[in-house]
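Visitor: I have a chain on my screen and would enjoy a walk through it. Could you show it to me and take my questions one at a time?

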Amino acid sequence: MKEYLSPTPLLNFTHPAIQKLLKTQQWQHLSTFDALKSIYDFVKDKVKFGYSSNDTLSASHVLKMGYGQCNTKGTLLMALLRAVNIPCRLQGFTISNNLKKGVIPNWILWLAPKAIIHSWVEVYINEQWLELEGYIIDRYYLSAVQTRFKNHTGPFVGYGIATPCIQSPDNEFNGGNTYIQRDSIIKSLGYFNDPDSFHPLFSNLTGIKKCLYKYLLRHIINLNIKRLRRPV
């Protein structure tokens with residue numbers, strides 16, 4: 001399990017900011033299950049859903065920013081889990097950008113690739129690997145989307161969510177797998193010990209589109225997310 005517990009440049013849980021958080025939260029003094037649940041809930045709800053500048057941010061950077069999407073929130077989750085000796089790995093995917101409709105303005109969505117890079121975190125507990133994806137969308141944003149679509153029934157795809165039921169998604173950790181975007185996944189890209197070995201192999205954007213996203217487009221998207229959080 002050493003390869004699933006070690007720090008890396010991205011999983012930098014020895015960073016003073018993360019060590020301070022660990023001391024405040026006292027996760028290392030909880031049972032494995034309780035620590036896992038508390039860390040999961042922290043990353044899900046205290047770190048807001050939003051678009052980071054790129055996928056290769058360190059865990060301490062994500063914590064400082066206070067927001068992220070699947071890949072960057074996953075990096076923080078993995079770092080915190082390893083900091084309390086809970087083994088974890090990453091599974092990479094391609095995912096359809098159809099789930100971005102509503103959260104990303106249509107004119108920006110048109111510029112995006114049809115399939116984008118996605119990942120979730122897997123933890124080893126009770127002699128089995130659990131799949132954790134539900135941490136991506138925080139409960140405040142989810143609540144706003146649920147209110148907006150309170151009469152929707154059946155599968156829901158959009159606003160950063162792809163789930164069989166928007167009113168009752170399987171995103172709360174209670175000892176099993178959690179999901180919030182799984183229904184838009186196209187294919188698996190395999191398992192990786194850490195994000196450091198995954199992200200150099202795959203990228204959503206290159207060249208001018210990458211620069212436009214980093215310095216302009218993601219700020220427009222995040223403003224839209226902020227607007228969506230307001231009660232309808």
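Visitor: Which strand holds Val-157?
Guide: Happy to start there, and please keep in mind that this is a predicted model. The strand in question runs over residues 156-158, and Val-157 belongs to it, so the name you want is E6.

Visitor: Is Val-157 buried, partly exposed or exposed?
Guide: The relative accessible area of Val-157 is 40%. Buried would need under 20% and exposed over 50%. Val-157 therefore counts as partly exposed.

Visitor: Which residues is Val-157 in contact with, leaving aside neighbours within four places in sequence?
Guide: Let us set those sequence neighbours aside and look for heavy atoms within 4.5 Å. The contacts of Val-157 are then Asn-98, Leu-99, Ala-162 and Ser-184.

Visitor: How far apart in space are Val-157 and His-118?
Guide: Along the sequence, 39 residues separate Val-157 and His-118. In space, going from C-alpha to C-alpha, the separation is 16 Å.

Visitor: Now to Lys-44: is this residue buried or exposed?
Guide: Lys-44 sits in helix H2, which covers residues 32-46. The cut-off for buried is under 20% relative accessible area. Because Lys-44 has 0%, it counts as buried.

Visitor: Are H2 and H4 roughly parallel or antiparallel to each other?
Guide: Two packed helices are described by the angle and the distance between their axes. Here the axes of H2 and H4 (residues 70-83) come within 10 Å and cross at roughly 155 degrees. The crossing is right-handed. An angle over 145 degrees counts as roughly antiparallel, so H2 and H4 are roughly antiparallel.

Visitor: How many nonpolar, polar and charged residues make up the contact of H2 with H4?
Guide: By class, that gives nine nonpolar, no polar and two charged residues.

Visitor: Finally, what is the radius of gyration of the whole chain?
Guide: The chain has eight helices and eight strands, and its C-alpha trace spans about 45 × 40 × 30 Å along the principal axes. Of its 232 residues, 50% count as buried. A compact globule with 232 residues would have a radius of gyration near 17 Å, and the chain agrees with that, at 17 Å.

Definitions and conventions:
Residues are numbered from 1 along each chain as its sequence is written. This is a predicted model: local features need pLDDT of at least 70, side-chain atom pairs count only at pLDDT 80 or more; totals for chains, interfaces and linings use all residues. Side-chain values use heavy atoms; hydrogens and water are left out. Helices (H or I, at least four residues) and strands (E, at least two) are DSSP runs, numbered from the N terminus. Buried means under 20% relative accessible area, exposed over 50%, partly exposed in between (1.4 Å probe, protein chains only). Axes are lines fitted to C-alpha atoms, for helices over the stretch in contact, and angles run from 0 to 180 degrees between N-to-C directions. Angles under 35 degrees count as roughly parallel, over 145 as roughly antiparallel, 65 to 115 as roughly perpendicular and the rest as oblique. A crossing is left-handed if the near helix is turned anticlockwise from the far one by less than a right angle, and right-handed if clockwise. Ala, Val, Leu, Ile, Met, Phe, Trp, Tyr, Cys and Pro count as nonpolar, Asp, Glu, Lys and Arg as charged, and the others, Gly among them, as polar. The radius of gyration is taken over C-alpha atoms; the globule rule is 2.2 Å times the number of residues to the power 0.38.
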